Amino acid sequence: MIRILISSCLLGEPVRYDGKDARSGDATLERWRREGRLIPICPEVEGGLPAPRPPAEIAGGCVLHVLNGSARVINNLGRDVTRQFMLGAKKALEAAQAGGARLAVLTEKSPSCGSSKVYDGSFSDKLIAGSGVTTALLEQHGIRVFSQLRVREAADYLASLTLE
């Protein structure tokens with residue numbers, strides 16, 4: 001069975017930066033949960049950050065610059081939390097690989113889990129095209145990432161994998 005890495009906040013875990021969840025009521029996610037396909041993870045918590053925690057954004061470049069060490073993830077208090085974000089991304093990748101995940105459903109706009117939009121690093125609520133640290137690392141290792149807004153596309157992708 002092909003498994004799916006999922007942001008634990010989408011399953012109702014209160015691990016977001018604000019100490020809340022982002023529970024999804026999507027029927028497909030619920031079916032995958034019942035089937036035992038889901039591998040829940042919060043990369044930021046796995047990286048050692050508490051919930052709640054100060055919000056963080058990628059600053060000084062894009063996510064690829066974070067991965068190569070030339071940009072940072074900074075919280076709104078000015079603290080560099082890049083190390084925790086990188087550790088959490090590595091733990092998410094390890095969990096996905098160990099569990100046989102070939103795709104992930106992660107939370108959009110997150111500096112860890114965003115897959116098409118993230119905040120611009122100015123803490124002004126401005127979104128830009130881009131992805132989070134965990135998403136980028138997963139995709140570099142062949143794990144396709146979808147946001148919680150694209151579960152139908154994730155389901156189509158999963159169906160195509162089962163035909164291989």
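Predicted model: local features only at pLDDT ≥ 70, side-chain atom pairs only at ≥ 80, totals over all residues.

The partners are F146 and Y157, with ring centres 5.8 Å apart and planes at 45°, so I logged the pair as tilted, since planes under 30 degrees apart would count as stacked and over 60 as edge-to-face.

Next I asked myself where the two partners sit in the chain. F146 belongs to strand β8 and Y157 to helix α6, 11 residues apart, and the pair links distant parts of the chain.

Are these two residues buried or exposed? I looked them up, and both F146 and Y157 are buried.

I then checked the ring of Y157 for charges. The charged end of R144 sits over that ring, 4.8 Å from its centre.

On to the helix that carries Y157. Helix α6 runs over residues 151-162, 12 residues in total. From first C-alpha to last I get 16 Å, close to the 16 Å expected at 1.5 Å a residue.

Which residues of α6 are buried? My list reads V151, A154, Y157, L158 and L161. They lie on the same side of α6, because they cover an arc of only 115° around the axis. A reminder to myself: an α-helix has 3.6 residues a turn, so residues three or four places apart point the same way.

On the other side of α6, I noted R152 and D156 as exposed.

Last entry: what do the buried residues of α6 pack against? I found β1 (3-7), α1 (27-35), β5 (101-106) and β8 (144-147).

Conventions: Residues numbered from 1 in each chain as written. Heavy atoms only, no water. Helix = DSSP H or I, 4+ residues; strand = E, 2+ residues; numbered from the N terminus. Expected span 1.5 Å × (residues − 1). Buried < 20%, exposed > 50% of the residue type's maximum accessible area, 1.4 Å probe, protein only. Arc of directions from axis to C-beta. Contact = heavy atoms within 4.5 Å. Phe/Tyr/Trp six-rings, centres within 6.5 Å; stacked < 30°, edge-to-face > 60°. Lys NZ or Arg CZ within 6 Å of the ring centre and 35° of its normal.
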